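Me: I am new to this structure and would like to know what stands behind the words used for it. Could you take me through them?

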Amino acid sequence: MSRIGKKPVELPKGVTASVSGQTIEVKGPKGTRSFTATDDVSITVEDNLVKVQPRGLSKRARAQWGMSRTMVSNLVQGVTTGFKKELEISGVGYRAAMTGNVLKLSLGYSHEVNFEVPQGVTITAPKQTEIVVEGMDQQLVGQVAANIREWRSPEPYKGKGIKYKDEYIFRKEGKKK
């Protein structure tokens, strides 16, 4: 039995959900998101609760049960509060700035890196050394943050690069004489 799948997803005030076949559509203050579940689970909306049940006892059905419930929960969180990833830039001369729909990164290369902001995500640079990625889709927010971090991932000797705000960089000792 799935401990996650057993729990129903509660719909906050101002959020509505509708099921048609295997597709659930959730509408909230930030927009509309939908998810199509596999045939191994059934999704029902009762009162202010979304319930996910397996359609059998196979291993695949039980795996899809917990995953589908989590996906529905992420839809509800996305349309109410949204998702956010914060990045920090450390290094001499490393900085970020937003100009229109382009994030300009100075990361020690001979040129500036211009990162086009994809649709469905908003990027802000409150300081020159901070980047905030926000959006409704958790997967898209995480992927955009990973793509930005990929330009200069933190190195273990001086800690220079782009890292997540809560990330710990394991530091190494340099060469000895």
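Reply: Gladly; here are a few terms, each set against its definition. This is a predicted model, in which local features need pLDDT of at least 70 and side-chain atom pairs count only at pLDDT 80 or more, while totals for chains, interfaces and linings use all residues. Residues are numbered from 1 along each chain as its sequence is written, and side-chain values use heavy atoms, with hydrogens and water left out.

Me: Why is Gln-64 called buried?

Reply: Buried means under 20% relative accessible area, exposed over 50%, and partly exposed in between (1.4 Å probe, protein chains only). Gln-64 has 14% relative accessibility, so it counts as buried. Gln-64 sits in helix 2, residues 59–80; helices (H or I, at least four residues) and strands (E, at least two) are DSSP runs, numbered from the N terminus. Other buried residues of helix 2 include Trp-65, Val-72 and Leu-75.

Me: What does Gln-64 touch, leaving aside residues up to four places away in sequence?

Reply: Thr-38, Asp-40 and Val-41. Contact here means heavy atoms within 4.5 Å.

Me: What makes strand 3 and strand 4 a pair?

Reply: Two strands pair if DSSP finds at least two bridges between them. Strand 3 (residues 23–28) and strand 4 (residues 31–36) are joined by 6 bridges and run antiparallel. One of the bridges links Thr-23 to Thr-36.

Me: How do the residues lining the largest pocket divide?

Reply: Into 3 nonpolar, 5 polar and 3 charged. Ala, Val, Leu, Ile, Met, Phe, Trp, Tyr, Cys and Pro count as nonpolar, Asp, Glu, Lys and Arg as charged, and the others, Gly among them, as polar. Among the lining residues are Lys-30, Phe-83 and Gly-120. A pocket is an open set of points on a 1 Å grid over the protein atoms alone, where a 1.4 Å probe fits, with protein on both sides within 12 Å along at least five of seven lines; lining residues have an atom within 4 Å of a point.
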